[in-house]
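Student: Can you take me through this one? I would like to start with the ligand and then look at a helix and its strands.

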Amino acid sequence: MDRAARHRIARLYDNRLQRLYVRSKLANDPVYAATAALVGGSDLPLLDIGCGIGLLGQYLNAQGHLPPYLGLDHDKHKVAAGRHALQRAGLDAVMTLRHADVAELPSAQGHVALLDVLHYLSAMQQLTLLQAAARHLAPQGCLIIRNVLREPNWRFHATRLEEFFLRTSGWIPGGAQHYPTASELRSPLENAGLDVRIQSLRGRTPFNSYLIVARPHR
Ligand SMILES: C[S@@+](CC[C@H](N)C(=O)[O-])C[C@H]1O[C@@H](n2cnc3c(N)ncnc32)[C@H](O)[C@@H]1O
């Protein structure tokens, strides 16, 4: 995505800090491009769990992919900012942001995205959510998870430091609860009948981030 497109999306948000965050996130983090590569060209609905300010939907639209999109998040301020941005972009008729907890998933089946959300949940909540997300996949659907994984390296500690600032700044009230290992994610997904692929995805960030892609056996 070029600079002009990043700035166009950032201008949809009212708050100066959010505009800074959006520009930096779109410039440095490959997670939205990786998601677009997996769901682009598909008509299946996309459920974006823990959608924050709805940046994934904005990115997909800017890249010419407009799947039926439903984002949900329990932070009402982020949902309000995301809805306002959708209205400004004229996307509120085709994309929806809902104030809801991860425990309150709608029934539609399609693709599911869980980008940088799992570690804000307890180990038990993560397991329950992974099982629910697997049930939300259509036969041709794709579960896209991006998360920090617990590993003994400096990147993991850099991520924990970042999470400390996210919590104390109020960006993520409550903060991180449990950092999963790769096998804590792989096992429940494989037990749900999914093929699982895990690869590093950190772009120009120092964080210990991975992309986990799970699909029904074909
Ligand atoms: C780091 S942000 C990621 C936002 C978005 N997925 C993205 O990548 O642009 C994590 C999001 O998860 C949300 N979240 C954390 N726990 C949640 C829960 N129990 N229910 C719904 N959303 C939750 C937070 O409010 C926050 O917006």
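Student: How many residues surround the ligand, and which are the closest?

Tutor: This is a predicted model. In it, 17 residues surround the ligand, and the closest are Gly50, Gly52, His74, Asp75 and Leu115.

Student: How does that shell divide into nonpolar, polar and charged?

Tutor: Nine residues of the shell are nonpolar, three are polar and five are charged.

Student: OK, switching to H8. Which residues are buried there?

Tutor: Helix H8 covers residues 182–191, and Leu185, Pro188 and Leu189 are buried in it. Seen down the axis of H8, the buried residues fall within an arc of 100 degrees, so they line one face of the helix.

Student: And what does the face turned away from the buried side carry?

Tutor: That face of H8 carries Ser183 and Asn191, which are exposed.

Student: What about the phi of Gly193, positive or negative?

Tutor: Gly193, which follows H8, has a positive phi, near 85 degrees.

Student: Back to the strands. In which sense do S5 and S7 pair, parallel or antiparallel?

Tutor: S5 and S7 pair in the antiparallel sense, over six bridges. Ile145 stands opposite Ile212 in S7.

Student: And S6 with S7, over how many bridges?

Tutor: Seven, and the pairing of S6 and S7 is antiparallel. Leu194 has Pro216 in S7 as its bridge partner.

Key. Residues numbered from 1 in each chain as written. Predicted model: local features only at pLDDT ≥ 70, side-chain atom pairs only at ≥ 80, totals over all residues. Near = placed C-beta within 6 Å. Nonpolar A, V, L, I, M, F, W, Y, C, P; charged D, E, K, R; others polar. Buried ≥ 20, exposed ≤ 12 C-beta atoms within 10 Å, placed from the backbone. Helix = DSSP H or I, 4+ residues; strand = E, 2+ residues; numbered from the N terminus. Arc of directions from axis to C-beta. Pairing = 2+ DSSP bridges.
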